[in-house]
Amino acid sequence: MTSIDLNNEEIKTLIAIMQFSIAACPLGSVSQEVEIDAEKLEKLIAKMEKGLRL
């Protein structure tokens, strides 16, 4: 596991970017190395939001 130290504002920014990408971007063309889809992003967003509540 890798740990990255982000403050709350940085996490909120990443969440907003991911939410925007779900709605506006063709996720299938984002990366050929990593499979990215709306479900993966939604899970990551939920995990980040949970971390903000701690």
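A residue counts as partly exposed when its relative accessible area falls between the buried limit of under 20% and the exposed limit of over 50%. Ala 16 has a relative accessibility of 43% and is therefore partly exposed. The model described here is a predicted one.

The secondary structure of the protein chain consists of two helices and zero strands. Helix H1 covers residues 8-24 and helix H2 covers residues 38-53. Along the principal axes, the C-alpha trace of the chain extends over about 35 × 25 × 15 Å. The protein chain holds 54 residues, and 15% of them are buried. Its accessible surface amounts to about 4700 Å², with 56% of that area belonging to carbon and sulfur atoms.

The largest nonpolar core contains seven residues, namely Ile 11, Ile 15, Met 18, Leu 27, Leu 41, Ile 45 and Met 48. At least two residues of this core come from helix H1, and at least two from helix H2. For Met 18, a member of the core, the contacts beyond four places in sequence are Leu 41, Leu 44, Ile 45 and Met 48. Three of these partners, Leu 41, Ile 45 and Met 48, also belong to the core.

Ser 21 is also part of helix H1. With a relative accessible area of 13%, Ser 21 is under the 20% limit and is therefore buried. When residues up to four places away in sequence are set aside, Ser 21 touches Leu 27 and Leu 41. Both Leu 27 and Leu 41 are listed in the largest nonpolar core.

Ile 45 is itself a residue of the nonpolar core. Ala 24, likewise in helix H1, has a relative accessibility of 44%; this value is between the two limits, so Ala 24 counts as partly exposed. The C-alpha atoms of Ala 24 and Lys 40 are 16 Å apart, and the two residues are 16 residues apart along the chain.

The loop between H1 and H2 includes Val 34. Its relative accessibility of 45% places Val 34 in the partly exposed class. Val 34 and Ile 17 are 17 residues apart in sequence, and their C-alpha atoms are 18 Å apart in space.

Among the charged side chains, 6 are positive and 9 are negative. The centres of the two sets lie 8 Å apart. A search of the whole structure gives one salt bridge. The salt bridge joins the side chains of Lys 43 and Glu 39, with an N to O distance of 3.4 Å. Lys 43 and Glu 39 are separated by about one helical turn, because the two residues are four residues apart in helix H2. Lys 43 has a relative accessible area of 56%, which is over the 50% limit, and Lys 43 is therefore exposed.

Key. Residues are numbered from 1 along each chain as its sequence is written. This is a predicted model: local features need pLDDT of at least 70, side-chain atom pairs count only at pLDDT 80 or more; totals for chains, interfaces and linings use all residues. Side-chain values use heavy atoms; hydrogens and water are left out. A nonpolar core is a set of buried Ala, Val, Leu, Ile, Met, Phe, Trp, Tyr and Cys residues joined through side-chain atoms within 4.5 Å. Buried means under 20% relative accessible area, exposed over 50%, partly exposed in between (1.4 Å probe, protein chains only). Contact means heavy atoms within 4.5 Å. Accessible areas come from the Shrake-Rupley method with a 1.4 Å probe; for residues, only the protein chains shown count as cover. Lys and Arg count as positive and Asp and Glu as negative; His and the chain ends are not counted. The place of a charge is taken as NZ of Lys, CZ of Arg, CG of Asp or CD of Glu. A salt bridge is a side-chain nitrogen of Lys or Arg within 4 Å of a carboxyl oxygen of Asp or Glu.
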